[in-house]
Amino acid sequence: MAGLIAASDLVKLYTMGDETVHALDGVSFEIDRGGYVAIVGPSGSGKSTLMNLIGGLDTPTDGHLYIDGQDIGAMDDSDLAVFRNRTIGFVFQSFNLLPRLTAQENVELPLIYAGVEPKTRKARASELLHRVGLGERISHKPTQLSGGQQQRVAIARALACEPQLLLADEPTGALDTTTGKEIMGLFRALNGEGVCVVLVTHDLDVAAQARRTIEMRDGKIVRDQHAAASA
Amino acid sequence: MIRPTDLVGAAMRALRANPMRSALTALGVIIGVSSVVAMVALGAGAQARVESSISSLGSNLLIVVPGAQRGAGGVRGAAGGWDALTLGDAEAIERDVANISAVAPVQNANGQMVANGLNWNTRVMGVTPAYFIARDLAVENGRELDETDVSQARRVILLGPTVAENLFPNMDPVGQTVRLNGGTYDVIGVLETKGQSGFQDQDDMALAPLTTVKRRIAGRRGRGDSISQISIKAASEDVIPLVEADVIDLLRVRHRTNGDDDDFTVQNLASITDAMKNATQTFTLLLAAIAGVSLLVGGIGIMNIMLVSVTERTREIGLRKALGARRGDILNQFGLEAIALSVAGGAIGLVVGFLGAWAITGAMDLPLVLNVETPIYAIVFSGLVGVTFGAYPAWRAARLDPIEALRRE
Ligand SMILES: Nc1ncnc2c1ncn2[C@@H]1O[C@H](COP(=O)(O)OP(=O)(O)OP(=O)(O)O)[C@@H](O)[C@H]1O
Ligand SMILES: [Mg+2]
C-alpha cells in the first residue's frame, strides 16, 4: 500500500529581520492511508507548521512533500485551493464556523467551492450533520450551539467533500474533558470508516487514542512510535 | 469551481448582514449618480430651450442692424448712428442678392396701447408682408398684413398674444380697435405664440404696416428713409454664409465703407445658435463634472467600507481559503459586494436624479429632456465605480495568507 503522505527532509524557515527560525528542520516520515496519527511536542516545536504544510495552507522552504501522489511544493495557489477542497478536511481548535450561517450552511461551504449544486449539497450537509449526531439542529446558528456541538458541525464540514485526510490541530483544546472524549470517539469512528486522521494534541489521553504518535522538538521528529495494537 | 449564483449569493448575504452600513455606503453613490443625472437633464433642458427659442425667431435668418460690430456678436450704436440703414438698402438687397426668399425692412417703435379701459406698453414694429415669411410668423386669429395695408398706410394692427391677453382678457380682439399714440387702429389679427426667446417675451409686441408706423407711431425716428433693421430669410441653410457675404459686400458699396468703418452689422442666427449651444454644453459639462466629484466621493466611501469589511472578516476569508476558495473566488466575492453596492446605488440614484430633474426643470420652467442613454450610462458608470474602488479591497482580501488570517482574532 502506497503511503498517503510522504515527507522527506522538510524544512520550513521563517525569517524575521536578521533572525531565521527553523520551524521545521529536516523532517521525514510517511503516513499510510487510513492511518491515525497524533503529533505531540512542546509549544513552538513545529507541530502547527507541519500541519499547515500537510494541509496545503503553506509550502515548504526545502524538501519534498507528496500527498496522495501530488507534489505540494510544486502547486500554485489555485492547485492548492483545489487540493485543500478535495483531499483535506480541517478541524480547528476554535471551530471557525461562520456565525451568520446555520449549521447546514456551514457544512455546505466546501461543497460550494467544489461547485456542487444546491440541492445535492443541502442533502449531503444534512446527512453529515445526522452522522455527527446533530440531525435535530441543522438550522441552528453557531451561537445557539454548545462548544462540543460546534466542533461536531466543524467535523461534518471537514467531511463534506469526502477527504482522504482529516487534519485536526488541537481539536479538543477548547472543550471540557467529557466533550473532548465524545469528539475523540467521533474521530475514531471516522478512522474506522477509512479516513486518515492526523491530529495535534497536548493531551496525552487524546494522543493515546491514536495508533501512532510522532513527537517533535525544535522542528525535528524526536520519537515516532507505533502503538501496540490496542483496543 | 464555484457556481456564479453562489458567488452572488455570498456577496448578497454579506451585504444583508449589515443593512444599515450597506445602505449608508450606497447613499454616497445615490447622491453622486442622482446629481449627475439631474445636472445632465437640466443641461439638456436648458439647451433644448435655447435651441427652440432661437429657432422660433425664424429659420435661416440674417438680421441687418445699424451700428458696427463689436467683438463677439455685440452691437455698438455709435458709428453711423441709428439712421444708417435705409429702405433703399432693403430694396437693393432684394434686387441684387441671390438665394433669398424674403427681405423685410422693419421700423421699431414703442407705444402705450389703450383698449377697453385697459392699457399696455409694448413694442410696435412696422413691417411688410415679407416679415411674416422671414420670421416664420403665423396668425392665430384674423389675417396677416397685405401689400395694400402697406401701400395705403392703413391704420390696422396685429397683436402678439401677450398684448391681446392684457388688453382683451375675455374677448376676441379681432374687429375691435385700440388707441395708440393718439390714433385709433383696427385690430385685424392675433399672432400665434412664440414664447420666451431667453432675451425677451416674443409675444409682447404688435405689428403694423411699415408705412403707418413710420408716419404715425414712430415719431421722430420714423422720419426720412431710415429703418431699424432688415430681416433676411436665406433660401436654405446651405446658402446662409453666401447670402451673408453678398449682403455685406452690397452694403459696403452702398455705404462706402471698407470693413473697418462699417456702420451696419449682419447677425447670423445660425452662428448665434451655435455659440449659445456651445455655451450651454460647456455649462452642462461643468455641472456634471461637479456632480461627478460627489460620485467619486461615493466611490471612496465604498472603498473605505470594503477595507473595513475585509479587516473585520479576515478570519472568514482565511477559513474560506482553507475550505477551498481560490484567490479568484475571494476577489470576486468582495468585488461583487462593491459592485452590488454601487450598482444598487446607481439604480436608486437614477430614479432620484430623474425626480430631481423633473422638480428642478418644473420650477425653472424648462423642458424636461430625458435621454434614453442616461439609465445605461448611470448603471455602467456606477458599476465602474464599484469595480474601481472595490478592486483594491478585494485584492487585499484575496491576497491574505490563510494561516495568518485564521490566527487573527
Ligand atoms: N508566521 C511565522 N513567522 C515567524 N515565525 C513563526 C511563524 N509561524 C510559526 N513560527 C515559529 O515557528 C516555530 C513553530 O511554531 P508552531 O506554531 O509550528 O509551533 P506549535 O508546535 O504548533 O506550538 P503550539 O503548541 O504552541 O501551538 C515557533 O518558534 C514559532 O515562533
Ligand atoms: Mg500550534
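Predicted model: local features only at pLDDT ≥ 70, side-chain atom pairs only at ≥ 80, totals over all residues.
Helices here are DSSP runs of at least four residues, numbered from the N terminus. Pro142(A) sits in the loop between α4 (118-131) and α5 (147-158) of chain A. Is Pro142(A) buried or exposed? Its relative accessibility is 7%, so Pro142(A) counts as buried, the cut-off being under 20%. Beyond its neighbours within four places in sequence, Pro142(A) is in contact with Leu97(A), Leu98(A), Pro99(A), Leu101(A), Asn106(A) and Gln150(A). Asn191(A) is another story: 49 residues apart along the chain, its C-alpha atom and that of Pro142(A) are separated by 26 Å.

| Interface item | Value |
|---|---|
| Area buried between chain B and chain A | about 2,400 Å² |
| Share of that area from carbon and sulfur atoms | 55% |
| Salt bridges | 4 |
| Residue pairs in polar contact | 10 |

On the chain B side, α1 (4-17), α10 (314-322), α11 (327-364) and α13 (402-407) each supply at least two residues. The top contributor is α10(B), with 6 residues. By type, the residues of chain B that touch chain A divide into 11 nonpolar, 2 polar and 11 charged.

In total, the contact takes 24 residues from chain B and 28 residues from chain A. Arg13(B), Leu323(B) and Ile403(B) supply 24% of the area that chain B buries against chain A, more than any other three residues. Arg13(B) also meets Glu105(A) in a side-chain salt bridge (2.8 Å, N to O).

Conventions:
Residues numbered from 1 in each chain as written. Chains lettered and ligands numbered in written order. Heavy atoms only, no water. Buried < 20%, exposed > 50% of the residue type's maximum accessible area, 1.4 Å probe, protein only. Contact = heavy atoms within 4.5 Å. Buried area = accessible area lost by both parts, 1.4 Å probe. Polar contact = N/O pair within 3.5 Å; in protein donor to acceptor, adjacent residues only side chain to side chain. Nonpolar A, V, L, I, M, F, W, Y, C, P; charged D, E, K, R; others polar.
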